[in-house]
Amino acid sequence: ARGMLAEGSLAVKRTKKTIFLKLAGWIGLFNNVIFHATTSSEADDIFKQFGKGAKVRIAPNLPGKNIENNLLSRTKEEGFVKLINIARISPEKNLKLALKVLKEVKGNVIFDIYGTIYNTGYWDECLSLINNMPSNIRINYKESIERDKVQKLFQEYHFMFMPTTGENFGHVIFEALAAGCPVIISDQTPWRDLEKKQVGWDISLEDTGQFVKVIEHCVEMQQDQYNTMSKSAHEFALEFIENNKAIDQNRKLFSV
């Protein structure tokens, strides 16, 4: 399903997707299909669309293992924060909400956007917001970035900001954490309870005010506190790889 049956994803072009899913159900298009869900919540999304009789196997996505053991330190000045977003520019990645949030933030922010423009109409709406930002918010569009350079790029930023409408794993979220770049994301991904782990925040899309508060907190964050979060994010990613059972679970996807 790759996250495409999540409520946030279905909300994009909902009519077309609803018609397709109903037709698929009526003609039994997926009757002999085994669905791969990466989490139990994604399995629930599949059951919701195709019924409790759907064949579903759960196995997490496989994270990359090329994590630098040495964490690169960053200078964090009080009153300033540098944010990054790496994602295709389309409604489900929710860049427009990120821009609306930043427009309300007090303090000096740089927000650099990397990603291919998949939806030009949506990008035009984003540009309209960018062109009307207050002077304390600087937005830069950097186009796309080669995949093998992503983790190194994260080392140049304080936080990743991506209020996505849904991810079945979110490799870019993991890569940010691996680079010691804490994340500010929505609660529509498998990465949850991030604040308790001191590696970031997962916030309801309905609570834009909380996004504003968190980013303002990041703006005012001092070096010591940032160092703690950055180190926690890096160590969290290392521990995730060491304890991950995803390879065995993915092998079982192909068992009879």
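**View 1. Alanine 37 has isoleucine 58 as its bridge partner in S2.** The model is predicted; local features need pLDDT of at least 70, side-chain atom pairs count only at pLDDT 80 or more, and totals for chains, interfaces and linings use all residues. Residues are numbered from 1 along each chain as its sequence is written, and side-chain values use heavy atoms, with hydrogens and water left out. S1 (residues 34-37) and S2 (residues 55-58) pair in the parallel sense, over 4 bridges. Pairing requires at least two DSSP bridges between the strands. Helices (H or I, at least four residues) and strands (E, at least two) are DSSP runs, numbered from the N terminus.

**View 2. Side chains alternate along strand S1.** Phe35 and Ala37 point to one face and are buried. Buried means under 20% relative accessible area, exposed over 50%, and partly exposed in between (1.4 Å probe, protein chains only).

**View 3. Asparagine 85 sits in strand S3 (residues 80-86).** Its relative accessibility is 3%, so asparagine 85 counts as buried. Neighbours within four places in sequence are set aside here. Beyond them, asparagine 85 contacts Leu95, Phe111, Asp112, Ile113, Tyr114, Phe161 and Met162. Contact means heavy atoms within 4.5 Å.

**View 4. Helix H4 (residues 95-103) packs with helix H8 (residues 208-220).** The angle is about 60 degrees, and the axes are 9 Å apart. H4 is therefore oblique to H8. Axes are lines fitted to C-alpha atoms, for helices over the stretch in contact; angles run from 0 to 180 degrees between N-to-C directions. Angles under 35 degrees count as roughly parallel, over 145 as roughly antiparallel, 65 to 115 as roughly perpendicular, and the rest as oblique. The crossing of H4 past H8 is right-handed (the near helix is turned clockwise from the far one by less than a right angle).

**View 5. Residues of H4 meet residues of H8.** H4 supplies Leu97, Val101 and Leu102. H8 supplies Thr208, Phe211, Val212 and Ile215. By class, this contact has 6 nonpolar, 1 polar and no charged residues. Ala, Val, Leu, Ile, Met, Phe, Trp, Tyr, Cys and Pro count as nonpolar; Asp, Glu, Lys and Arg as charged; the others, Gly among them, as polar.

**View 6. Aspartate 193 lies in the loop between strand S7 (183-186) and strand S8 (200-203).** Its phi is near 55 degrees, a positive value in a residue other than glycine. Aspartate 193 counts as partly exposed because its relative accessibility is 44%.

**View 7. Glutamine 198 is found in the loop between S7 and S8.** Glutamine 198 is not a glycine, yet its phi is positive, about 60 degrees. At 42% relative accessibility, glutamine 198 counts as partly exposed.
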